[in-house]
Structures are given as C-alpha cells and as structure tokens.
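Me: I would like to learn how to read the features of a protein model one at a time, with the general idea stated before the particular case. Could we work through one together?

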Amino acid sequence: MHVLVDDHGRTATDLRVSLTDRCNLRCSYCMPPEGLDWLPKPELLTDEEVVRLVRIGVTELGITEVRFTGGEPLLRRGLPGLVAAAAALRPRPEISLTTNGIGLDRLAAPLAAAGLDRVNVSLDTLDPATFRRLAHRDRLADVLRGLAAAHAAGLAPVKVNAVLMRGINDHEAVPLLRYCLDHGYRLRFIEQMPLDAQHGWDRAGMITADEILDRLGAAFALVPADGERGSAPAESFTVDGGPERVGVIGSVTRPFCGACDRVRLTADGQIRNCLFATEESDLRGALRAGASDAELAERWRTAVRRKRAGHGIDDPGFLQPVRPMSAIGG
C-alpha cells in the first residue's frame, strides 16, 4: 500500500468527506443570514462516486478514519447507504459524522445500524434567543433532541463542538460544560477560525484557548490529561479529577499543523490538504473521464505530497480561502 505522505513526512490517515455544501442553519461564523449560492447538483459527486473514492482511500492509500461532513451531511438522502458502504470496506475504517444535529433524532438509530461509530454535534449555546441570533433559525430544541438520540443509539462518545464569540455566547463556557457533563457528552471548545463566507473574521473577536481555559478554571479543576496527544486536534483536560474530560482546539493560537493527519474531499470532488488551503486538486474530472483506480490513487498521492507545513494564519501574507467552511467540510 502506497500511503498518503507529504513532503514534510506527515501521513494522512483521516479523510473528511463533504457530502453537500447546503445547510439548514445560517451560523454567523460560517455564512450570511440569506445563505449562499449552492453548488449545482451535476457538480456534486454521486453516491457511487463518493463510495469509489472512499474505497480507494481506504484500500489503496491507508485511510483509517472516514468522517462525513457538510455543509450539513444529514441533508444527503443517501447518507445511511454511504455509511454502510464505508463500514463494509476491509480494512474497516472508523466512521464518524459531523453535524448540526437537526434531524439526528430520526437518523441516529438508522445510522448506527448502518455502521456509524460516533458523532460530533455543534452546540454553541443553551439559550434559545442566543441560538436564534447565531444561527438565524429557532432550532435549539431539535439539536438537543438529536444529541439525546445519538447517545441512546450508542454513538459514543457523543462529542459536542462549541465556538465561543465575544459578547455573544462567551459567558456560556461553564454552563455548556455542566450540561455536557450531566448528559454524558464530551465537550470540545474550538477557537473561531477565518472560514466565514463574509470574510468578517476578526482576531480581536475570537475567544482564545487561554481565555476558554481561564473561564472553565474558575468553576472546575482542570488537569492536562495523561497520554500522547498525537494528531488529535484537541488538548484534553480531566475535569474535577476525572474521568470526565473537556477538550480545547486552539487552531489559531495553538496550531497543531506539525502532527496533522487529515485530508479533505469536497462535495464536488476536490482534494484539499488543509481547511485554509488556497489550492485544490481535482479528482472528479479524472474520475468522470474514465481514470482507473490506480490513476486516481496516484493523483491523490501527488496532491497530498504538496501539503504545506502549516496554515499560515500568522503570516503577513495569509489569505483566507475563497471557499467558506460549508463548502470545504470540517
């Protein structure tokens, strides 16, 4: 097997597969209230094309984890079948899902039956009014039902992703952690990143990892968790002696690029080596032109080989990618 190794010696084993750029929320750190121009359906990979590329990644290129993302992946009608196809591969990859949770109350059990191992759900607030302000939709109750359904379906650990924004929800760090501890979810705070479609990200408005830990430390005893972090994006801390934990992902102020093992496949069949990449490599065109599995695998290897050493947010010449988060896949 010829694995996906870049020129800096990192091996990509974690594949993030975006299934759609569409979403049923309008979170302010991702897109404007009016939404975006979605990708035309003919440009999207079909279910069969997704399955083929995932198969090549797992059986030919050493991918060991497949995470389905969006936009909102629960909007993809064929999602259970895609999960089942990934679960049937040998060697079997770990299969996860990143979602906003809307519709998960109906789909958690079928997805678990199809082979989904675990789920990450976005939850930035417990206050309905703040949720409406952030997401421009009144759907907090749906998200909470989705979380409960995922837990009941055994998609453990149920991970919760939260982004804190200054003056909006940064006072909710402690309540969010208490809620997750009470319900058996594993919370991870993520620094807000420059991936919004409006290009309105401002470092001054970002709540940093240090600030998050300070807020949590006022109410909980946090101790760095034992063990090697490896390629995990989150720094993990035990809470009040454990075993419960909380994670902090300092993508901006505490970058972990040196251990990155991720590669991304967009919904329209482009390989991206980084959330902040400004270059993409087209697999869809070659696939639809009749390329063999070996040819597609070699294109993929070539694309990953060129992966940059880091995201470069602190570089004077940093440019925010043209594609917003919803079109990249988390």
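This is a predicted model: local features need pLDDT of at least 70, side-chain atom pairs count only at pLDDT 80 or more; totals for chains, interfaces and linings use all residues.

Me: What does the side chain of arginine 26 reach, and where in the fold does arginine 26 lie?

Reply: A polar contact is a pair of N or O atoms within 3.5 Å; within protein, one must be able to donate a hydrogen and the other to accept it, and residues adjacent in sequence count only if both atoms are side-chain atoms. Here the side chain of arginine 26 reaches the backbone oxygen of cysteine 23 at 2.7 Å.
For the location, helices (H or I, at least four residues) and strands (E, at least two) are DSSP runs numbered from the N terminus, and arginine 26 sits in the loop between β3 (14–18) and α1 (47–61). Contact means heavy atoms within 4.5 Å, and, with neighbours within four places in sequence left aside, the residues in contact with arginine 26 include Glu34, Trp38, Leu134 and His136.

Me: How should I read arginine 76 beside that case, and which side chain does it join through a polar contact?

Reply: Arginine 76 lies in the loop between β4 and α2 (79–87), and it counts as buried because its relative accessible area is 14%. Its side chain and that of aspartate 47 are joined by a polar contact of 2.7 Å. Beyond four places in sequence, arginine 76 also touches several other residues, among them Leu19, Leu45 and Val50.

Me: In what order do the strands form the sheet, and which strands are at its edges?

Reply: Two strands pair if DSSP finds at least two bridges between them. In this model 12 strands form an open sheet of mixed pairing, in the order β9-β10-β11-β8-β7-β6-β5-β4-β3-β12-β13-β14. The edge strands, each pairing on one side only, are β9 (222–224) and β14 (281–282). Within the sheet, β3 and β12 run parallel and are joined by 4 bridges, with leucine 15 having valine 263 as its bridge partner in β12. Strand β4 (residues 65–69) likewise pairs with β5 in the parallel sense over 4 bridges, and valine 66 stands opposite isoleucine 95 in β5.

Me: Which positions carry a "binding site" feature in the UniProt record, and are threonine 98 and arginine 264 buried or exposed?

Reply: UniProt positions are given in the numbering used here, feature names are shortened, and annotations may be inferred rather than shown by experiment. The unreviewed UniProt entry places this feature at Arg16, Arg67, Thr98, Lys159, Arg262, Val263 and Arg264.
Threonine 98 is found in strand β5 (residues 94–99), where 5 of the 6 residues are buried, and threonine 98 is itself buried because its relative accessibility is 17%. Leaving aside neighbours within four places in sequence, threonine 98 is in contact with residues including Arg67 and Asn120. Arginine 264 lies in strand β12 (residues 262–265) and is buried, with a relative accessible area of 5%.

Me: Which backbone angles deserve a careful look, beginning with the peptide bond from alanine 156 to proline 157?

Reply: That peptide bond is cis, with omega near -5 degrees, and the bond from glycine 242 to proline 243 is cis with omega near 5 degrees.

How values were computed. Residues are numbered from 1 along each chain as its sequence is written. Side-chain values use heavy atoms; hydrogens and water are left out. Buried means under 20% relative accessible area, exposed over 50%, partly exposed in between (1.4 Å probe, protein chains only).
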